[in-house]
Amino acid sequence: MGEDTDATPTLNHHGFLPDHNYVTDADIISTVEFNHTGELLATGDKGGRVVIFQREPEGEYNVYSTFQSHEPEFDYLKSLEIEEKINKIRWLPQQNAAHFLLSTNDKTIKLWKVSERDKRPEGYNLKDEEGHIKDISTVTSLQVPVLMPMDLMVEVSPRRVYANAHTYHVNSISVNSDYETYMSADDLRINLWHLDITDRSFNIVDIKPANMEDLTEVITSAEFHPHHCNLFVYSSSKGTLRLCDMREAALCDKHSKLFEEPEDPSARSFFSEIISSVSDVKFSHSGRYLLTRDYLTAKVWDLNMESKPLETYQVHDYLRSKLCSLYENDCIFDKFECAWNGSDSVIMTGAYNNFFRMFDRNTKRDVTLEASRESSKPRAVLKPRRVCAAGGKRRKDDISVDSLDFTKKILHTAWHPNENIIAIAATNNLYIFQDKLNSEMH
């Protein structure tokens, strides 16, 4: 993707373009996820809402349904507020006409059913047209109720609520390839759930030490293998990945494989541990590779090689000299996500200044693109951007690293499972970009 990249209009989280710069915290998009066909796209926000977009025959995505998934709660035992913010959304593979998705905030996971209704029953014997019960003495003949056409209605209903299983904040949910179970991960534990059972889950990873003063790392992300229902991976704040096999033991505290890159002693600094923390891990569609994102890099790992990553991509290496100020303004703790394209040949991840990066694994080309109002006019073409490091030679249209806006960050991105369509969440705006045919990265 690159110079031949089309932009469809940006939608804010409610499906329209805001005409003001004022953004409430509740409107900030906190997760983006395509369903398995790519026909539906769900976003969650800090206000606990989920907005589902549906792809029209012409190719554009329009609002399909909006619903309130989570409400703010209060834990009276711990005197803690539980935010309504949606941390993750995961779609279940479609089994019938209805769609199902899981959404989670810090503590509670919910299963939602999304279905359509375009007919309504009419001609009841014991109810009138308003639905009130008739006086039986007035019923003199029996009639067969009929289904009559009506305007299409999208109904969203909660089917299951999975609560009270996490002491710490939930950071990941992942549906298993058996389509019967899913896992949820918080800072110290990973639980395995059956989709039909809400009152119990099985703890499959527990890294909580007996004494919390001995705590050295936390779980940052977790995902099931796309094809093998017994395998899953989780990442840690120490930069390690652990592949676990549920066939080996009920409690997977002993990993099958540990993926870790040895640290270069000459590059060690005060910030080394913070920037090596893995913020996201994703299996490739083939199941052969792992994609991880830490603060400055994206890495591709081969499941058959634990000693070092197969590929390392510098996302914004020009920030290396800025780590001190990024630490002071807390940006160094931002958690960027990453995504594979449908063929596992290109990876994508976000950056600052509303920039996002793409890396072609075959050609080794990379591009920096910007999700902005200017680039989101219909059929506008995205122009590659270039950031000039401090003290470096600037070319025309280069952006100086000192003028980057660190409040505009792209943390959440998603790639259509089969096509070159990407969804980018930039604060309260959702951008959808579509690649023209046969385009190359520039």
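Analyst: Contact means heavy atoms within 4.5 Å. This is a predicted model, in which local features need pLDDT of at least 70, side-chain atom pairs count only at pLDDT 80 or more, and totals for chains, interfaces and linings use all residues. Residues are numbered from 1 along each chain as its sequence is written, and side-chain values use heavy atoms, with hydrogens and water left out.

User: Which residues does Asp 405 touch, not counting residues up to four places away in sequence?

Analyst: Asp 405 sits in the loop between β31 (399-400) and β32 (412-415). Strands are DSSP runs of E, at least two residues long, and helices are runs of H or I, at least four, all numbered from the N terminus. With sequence neighbours up to four places away left out, Asp 405 touches Tyr 352 and Asn 353.

User: At what distance does the side chain of Asp 405 make a polar contact with that of Thr 407?

Analyst: A polar contact is a pair of N or O atoms within 3.5 Å; within protein, one must be able to donate a hydrogen and the other to accept it, and residues adjacent in sequence count only if both atoms are side-chain atoms. The side chains of Asp 405 and Thr 407 make such a pair, at 2.5 Å.

User: What is the relative accessible area of Thr 104?

Analyst: Thr 104 lies in strand β10 (residues 99-104). Its contacts beyond four places in sequence include His 70, Lys 85 and Val 170. Thr 104 is buried, with a relative accessible area of 0%.

User: How many salt bridges does the whole structure hold?

Analyst: Side chains of opposite charge can pair when their charged atoms come close. A salt bridge is a side-chain nitrogen of Lys or Arg within 4 Å of a carboxyl oxygen of Asp or Glu. A search of the whole structure finds 27.

User: How many residues apart in sequence are the parts that Arg 49 and Asp 27 tie together?

Analyst: The two side chains meet in a salt bridge, 2.8 Å from N to O. Arg 49 lies in strand β5 (residues 49-55) and Asp 27 in the loop between β2 (11-12) and β3 (29-34), so the pair ties together parts separated in sequence by 22 residues.

User: Is Glu 217 buried or exposed?

Analyst: Glu 217 forms a salt bridge with Arg 242, with the closest N and O atoms 3.1 Å apart. Glu 217 is in the loop between β16 and β17 (219-224), and Arg 242 is in strand β19 (residues 241-245). Since the relative accessibility of Glu 217 is 15%, this residue counts as buried.

User: Which residues touch the most other members of the largest nonpolar core?

Analyst: A nonpolar core is a set of buried Ala, Val, Leu, Ile, Met, Phe, Trp, Tyr and Cys residues joined through side-chain atoms within 4.5 Å. The largest has 30 residues. The members touching the most others are Tyr 295, Leu 319, Leu 326, Ile 347 and Leu 404.

Conventions: Buried means under 20% relative accessible area, exposed over 50%, partly exposed in between (1.4 Å probe, protein chains only).
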